[in-house]
Amino acid sequence: MIDCAKRFSGPVQLTTDGHNPYRYATVVGFDDGMVDYAQLVKIYAGVATAGPDSRYSPPVCCGTKIDVRLGLPDPAHVSTSFVERQNLTMRMSMRRFTRLTNGFSKKLQNLGAAVGLHFMHYNFCRLHESLHEQGEPKRTPAMAAGLTDHVWSLAEVIALLRRRPAG
(Lines give C-alpha, C1' and ligand atoms only; values in the text may rest on other atoms or scores of the structure.)
Protein backbone atom coordinates (compact mmCIF):
# COMPACT_ATOMS: atom_id res chain seq x y z
CA MET A 1 0.00 0.00 0.00
CA ILE A 2 2.98 2.30 0.59
CA ASP A 3 4.07 1.71 -3.01
CA CYS A 4 0.51 2.30 -4.22
CA ALA A 5 0.23 5.59 -2.29
CA LYS A 6 3.49 6.88 -3.79
CA ARG A 7 2.01 6.59 -7.28
CA PHE A 8 -0.66 9.25 -6.64
CA SER A 9 -0.06 12.99 -6.67
CA GLY A 10 -3.31 14.02 -5.02
CA PRO A 11 -6.14 12.75 -2.87
CA VAL A 12 -7.72 9.45 -3.95
CA GLN A 13 -10.82 7.47 -3.14
CA LEU A 14 -10.12 3.86 -2.27
CA THR A 15 -12.52 0.97 -1.83
CA THR A 16 -11.50 -2.49 -0.65
CA ASP A 17 -13.42 -5.55 0.37
CA GLY A 18 -13.80 -6.40 4.06
CA HIS A 19 -10.39 -8.08 4.43
CA ASN A 20 -9.10 -6.62 7.73
CA PRO A 21 -5.41 -6.16 6.80
CA TYR A 22 -6.45 -3.52 4.23
CA ARG A 23 -7.48 -1.19 7.08
CA TYR A 24 -4.02 -1.18 8.66
CA ALA A 25 -2.20 -1.08 5.32
CA THR A 26 -4.20 1.96 4.20
CA VAL A 27 -3.43 3.91 7.39
CA VAL A 28 0.27 3.05 7.05
CA GLY A 29 0.45 3.67 3.28
CA PHE A 30 -1.36 6.99 2.91
CA ASP A 31 -0.60 10.28 4.64
CA ASP A 32 -3.39 12.01 6.58
CA GLY A 33 -5.97 13.59 4.30
CA MET A 34 -4.68 11.85 1.15
CA VAL A 35 -7.29 9.08 0.99
CA ASP A 36 -11.03 8.76 1.32
CA TYR A 37 -11.37 5.09 2.19
CA ALA A 38 -14.35 2.77 2.50
CA GLN A 39 -14.69 -0.96 2.81
CA LEU A 40 -17.48 -2.65 0.86
CA VAL A 41 -18.46 -5.72 2.84
CA LYS A 42 -20.55 -8.34 1.07
CA ILE A 43 -23.20 -10.22 3.01
CA TYR A 44 -23.66 -13.83 1.94
CA ALA A 45 -26.63 -16.12 2.35
CA GLY A 46 -26.08 -19.44 4.09
CA VAL A 47 -25.21 -22.47 1.99
CA ALA A 48 -28.48 -24.10 0.90
CA THR A 49 -27.08 -27.52 0.16
CA ALA A 50 -23.90 -29.34 0.92
CA GLY A 51 -22.33 -31.95 -1.25
CA PRO A 52 -20.47 -32.39 -4.51
CA ASP A 53 -22.86 -30.18 -6.52
CA SER A 54 -22.24 -27.12 -4.34
CA ARG A 55 -18.57 -27.73 -3.57
CA TYR A 56 -17.23 -25.24 -6.14
CA SER A 57 -20.24 -22.94 -6.28
CA PRO A 58 -19.80 -19.47 -4.82
CA PRO A 59 -22.15 -18.42 -2.03
CA VAL A 60 -25.01 -16.12 -2.95
CA CYS A 61 -24.41 -12.44 -2.14
CA CYS A 62 -27.63 -11.07 -0.66
CA GLY A 63 -26.45 -7.55 0.17
CA THR A 64 -23.61 -5.20 1.02
CA LYS A 65 -22.72 -2.67 3.67
CA ILE A 66 -20.35 0.26 3.41
CA ASP A 67 -17.95 0.93 6.28
CA VAL A 68 -16.30 4.36 6.02
CA ARG A 69 -12.76 4.00 7.37
CA LEU A 70 -10.98 7.30 6.50
CA GLY A 71 -12.06 10.67 5.18
CA LEU A 72 -15.29 11.21 3.30
CA PRO A 73 -15.61 8.74 0.43
CA ASP A 74 -18.34 9.47 -2.10
CA PRO A 75 -20.93 6.67 -1.64
CA ALA A 76 -21.72 6.78 -5.38
CA HIS A 77 -18.16 5.63 -6.10
CA VAL A 78 -17.74 2.99 -3.39
CA SER A 79 -17.34 -0.10 -5.52
CA THR A 80 -15.07 -3.07 -6.08
CA SER A 81 -16.47 -3.74 -9.56
CA PHE A 82 -13.43 -2.45 -11.48
CA VAL A 83 -10.91 -4.55 -9.57
CA GLU A 84 -13.21 -7.58 -9.70
CA ARG A 85 -13.40 -7.18 -13.47
CA GLN A 86 -9.62 -6.82 -13.63
CA ASN A 87 -9.22 -10.00 -11.56
CA LEU A 88 -11.57 -11.86 -13.91
CA THR A 89 -9.63 -10.67 -16.95
CA MET A 90 -6.39 -11.78 -15.30
CA ARG A 91 -7.79 -15.22 -14.43
CA MET A 92 -9.14 -15.69 -17.95
CA SER A 93 -5.93 -14.46 -19.62
CA MET A 94 -3.42 -16.19 -17.36
CA ARG A 95 -4.31 -19.66 -16.22
CA ARG A 96 -1.87 -19.23 -13.33
CA PHE A 97 -4.68 -17.56 -11.40
CA THR A 98 -7.33 -20.19 -12.07
CA ARG A 99 -7.95 -22.70 -9.33
CA LEU A 100 -7.34 -26.36 -9.93
CA THR A 101 -5.08 -26.00 -12.97
CA ASN A 102 -1.48 -26.94 -13.55
CA GLY A 103 -0.60 -23.50 -14.95
CA PHE A 104 0.72 -22.11 -11.66
CA SER A 105 4.24 -20.69 -11.29
CA LYS A 106 6.61 -22.60 -9.05
CA LYS A 107 8.87 -19.57 -8.69
CA LEU A 108 7.75 -16.12 -7.55
CA GLN A 109 10.05 -14.56 -10.16
CA ASN A 110 8.23 -16.43 -12.96
CA LEU A 111 4.86 -15.33 -11.60
CA GLY A 112 6.02 -11.70 -11.51
CA ALA A 113 7.27 -11.93 -15.10
CA ALA A 114 3.98 -13.46 -16.29
CA VAL A 115 1.90 -10.78 -14.55
CA GLY A 116 4.11 -7.98 -15.91
CA LEU A 117 3.89 -9.35 -19.44
CA HIS A 118 0.11 -9.70 -19.15
CA PHE A 119 -0.37 -6.07 -18.07
CA MET A 120 2.08 -4.76 -20.66
CA HIS A 121 0.13 -6.52 -23.40
CA TYR A 122 -3.25 -5.56 -21.92
CA ASN A 123 -2.38 -1.85 -21.65
CA PHE A 124 -0.11 -1.27 -24.65
CA CYS A 125 -0.90 -3.94 -27.29
CA ARG A 126 -4.57 -4.80 -26.94
CA LEU A 127 -7.27 -2.62 -28.46
CA HIS A 128 -10.20 -2.06 -26.11
CA GLU A 129 -13.75 -1.72 -27.39
CA SER A 130 -14.74 0.37 -24.35
CA LEU A 131 -12.20 3.06 -25.33
CA HIS A 132 -13.63 3.42 -28.82
CA GLU A 133 -15.48 6.64 -29.63
CA GLN A 134 -17.87 6.84 -32.59
CA GLY A 135 -15.89 7.70 -35.70
CA GLU A 136 -12.50 7.35 -33.99
CA PRO A 137 -10.04 4.47 -34.23
CA LYS A 138 -9.83 1.92 -31.44
CA ARG A 139 -7.10 2.46 -28.87
CA THR A 140 -5.31 0.87 -25.96
CA PRO A 141 -5.52 2.04 -22.33
CA ALA A 142 -1.98 3.41 -22.64
CA MET A 143 -3.06 5.46 -25.66
CA ALA A 144 -6.13 6.72 -23.78
CA ALA A 145 -3.90 7.77 -20.86
CA GLY A 146 -1.51 9.60 -23.20
CA LEU A 147 1.43 7.25 -22.47
CA THR A 148 1.91 6.26 -26.11
CA ASP A 149 0.64 7.34 -29.51
CA HIS A 150 0.31 3.90 -31.10
CA VAL A 151 -0.59 0.27 -30.53
CA TRP A 152 2.57 -1.56 -29.54
CA SER A 153 3.59 -4.66 -31.46
CA LEU A 154 4.90 -7.75 -29.68
CA ALA A 155 8.28 -7.01 -31.31
CA GLU A 156 8.36 -3.66 -29.45
CA VAL A 157 7.56 -5.37 -26.14
CA ILE A 158 10.29 -7.96 -26.71
CA ALA A 159 12.78 -5.22 -27.62
CA LEU A 160 11.89 -3.45 -24.38
CA LEU A 161 12.53 -6.66 -22.43
CA ARG A 162 15.92 -7.14 -24.13
CA ARG A 163 17.04 -3.64 -23.04
CA ARG A 164 16.13 -4.35 -19.42
CA PRO A 165 19.12 -5.27 -17.21
CA ALA A 166 19.01 -8.76 -15.72
CA GLY A 167 18.33 -9.25 -12.04
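Is glutamine 39 buried or exposed? In this predicted model, whose residues are numbered from 1 along each chain as its sequence is written, local features need pLDDT of at least 70, side-chain atom pairs count only at pLDDT 80 or more, and totals for chains, interfaces and linings use all residues. Side-chain values rest on heavy atoms, with hydrogens and water left out.

Glutamine 39 turns out to be buried, since its relative accessible area is 1%; buried means under 20% relative accessible area, exposed over 50%, and partly exposed in between, with a 1.4 Å probe and protein chains only. The residue sits in strand 2 (residues 35–44). Helices (H or I, at least four residues) and strands (E, at least two) are DSSP runs, numbered from the N terminus. Not counting residues up to four places away in sequence, glutamine 39 touches Thr16, Asp17, Gly18, His19, Tyr22, Arg23, Lys65, Ile66, Asp67 and Arg69, where contact means heavy atoms within 4.5 Å. A polar atom of the glutamine 39 side chain lies 3.1 Å from the backbone oxygen of aspartate 17. Leucine 70 is 31 residues away from glutamine 39 along the chain, and their C-alpha atoms are separated by 9.8 Å.

One of the residues touched by glutamine 39 is Thr16, which belongs to strand 1 (residues 12–16). Threonine 16 is likewise buried, with a relative accessible area of 8%. Its side chain makes a polar contact of 2.8 Å with the side chain of tyrosine 37. A polar contact is a pair of N or O atoms within 3.5 Å; within protein, one must be able to donate a hydrogen and the other to accept it, and residues adjacent in sequence count only if both atoms are side-chain atoms.

At 28% relative accessibility, methionine 34 counts as partly exposed. Beyond residues up to four places away in sequence, it touches Ser9, Gly10, Pro11 and Val12.

Attention now turns to the helices. The axes of helix 3 (residues 81–93) and helix 4 (residues 108–125) come within 11 Å and cross at roughly 115 degrees. Helix 3 is therefore roughly perpendicular to helix 4. Axes are lines fitted to C-alpha atoms, for helices over the stretch in contact, and angles run from 0 to 180 degrees between N-to-C directions; those under 35 degrees count as roughly parallel, over 145 as roughly antiparallel, 65 to 115 as roughly perpendicular and the rest as oblique. Gln86, Thr89, Met90 and Ser93 of helix 3 meet His118, Phe119 and Tyr122 of helix 4 in this contact. By class, the contact of helix 3 with helix 4 holds 3 nonpolar, 4 polar and no charged residues. Ala, Val, Leu, Ile, Met, Phe, Trp, Tyr, Cys and Pro count as nonpolar, Asp, Glu, Lys and Arg as charged, and the others, Gly among them, as polar. Threonine 89 of helix 3 is buried at 10% relative accessibility.

Helix 4 also meets helix 6 (residues 154–163): their axes come within 11 Å and cross at roughly 135 degrees. These two helices are therefore oblique to each other. Leu117, Met120, His121 and Cys125 of helix 4 make the contact with Leu154, Val157, Leu160 and Leu161 of helix 6. Here the residues divide into 7 nonpolar, 1 polar and no charged.
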